[in-house]
Amino acid sequence: MPTDSLGVRADGRSHQVTAEAVDRTDAVREPAVRALATGTLTWSVQATGHRK
């Protein structure tokens, strides 16, 4: 996946990218359970330019 699709510029610097998953369906009604079913993951990416 190109890093520009994540909003990361190819400037050679390290950038933080965070993804969050939340179950907002009606199956999870209790706020405490929804909090347990929510997760985030953060990682560093470094865009150095496009490679073919």
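What follows is a friendly chat about a predicted model of a protein chain.

User: Hi! Quick orientation first: how many helices and strands does the protein chain have?
Analyst: Hi! This is a predicted model, and its protein chain has one helix and two strands.

User: And what pattern do they follow along the sequence?
Analyst: Reading along the sequence gives β-α-β. Strand β1 covers residues 14–21, helix α1 covers residues 31–36, and strand β2 covers residues 39–46.

User: What share of the residues is buried?
Analyst: Buried residues make up 12% of the 52 residues in the chain.

User: How about the accessible surface, what does that come to?
Analyst: The accessible surface of the protein chain is about 4500 Å². Carbon and sulfur atoms hold 52% of that area.

User: Let's zoom in. Where is His 15, and is it buried or exposed?
Analyst: His 15 sits in strand β1. It counts as buried because its relative accessible area is 16%, and the cut-off for buried is under 20%.

User: What does His 15 touch, leaving out residues up to four places away?
Analyst: His 15 touches Val 8, Arg 9, Trp 43, Ser 44 and Val 45.

User: Which residues is Val 45 in contact with, beyond its neighbours within four places?
Analyst: Its contacts are Val 8, Arg 13, Ser 14, His 15 and Val 17.

User: How far is Val 45 from Val 8, going by C-alpha atoms?
Analyst: The C-alpha atoms of Val 45 and Val 8 are separated by 8.1 Å, while the two residues are 37 residues apart along the chain.

User: For the chain as a whole, what share of contacts with a separation of 6 or more comes from residues 24 or more positions apart?
Analyst: That share is 55% in this protein chain.

User: Switching to the helix: is Leu 36 buried or exposed?
Analyst: Leu 36 lies in helix α1. Leu 36 counts as exposed because its relative accessibility is 74%, and the cut-off for exposed is over 50%.

User: How far is Leu 36 from Val 22?
Analyst: Their C-alpha atoms are separated by 9.4 Å, and Leu 36 and Val 22 are 14 residues apart along the chain.

User: And Val 33, what's its relative accessibility?
Analyst: Val 33 is also placed in helix α1. Its relative accessibility is 43%, so Val 33 counts as partly exposed.

User: What separates Val 33 from Asp 23?
Analyst: The C-alpha atoms of Val 33 and Asp 23 are separated by 9.8 Å, with the residues ten apart along the chain.

User: Last one: where is Thr 25, and which side chain does its own side chain make a polar contact with?
Analyst: Thr 25 is in the loop between β1 and α1. Its side chain makes a polar contact with the side chain of Asp 23, at 2.6 Å. Thr 25 counts as partly exposed, at 42% relative accessibility.

Methods. Residues numbered from 1 in each chain as written. Predicted model: local features only at pLDDT ≥ 70, side-chain atom pairs only at ≥ 80, totals over all residues. Heavy atoms only, no water. Helix = DSSP H or I, 4+ residues; strand = E, 2+ residues; numbered from the N terminus. Buried < 20%, exposed > 50% of the residue type's maximum accessible area, 1.4 Å probe, protein only. Contact = heavy atoms within 4.5 Å. Areas by Shrake-Rupley, 256 points an atom, 1.4 Å probe, with all protein chains shown as cover. Polar contact = N/O pair within 3.5 Å; in protein donor to acceptor, adjacent residues only side chain to side chain.
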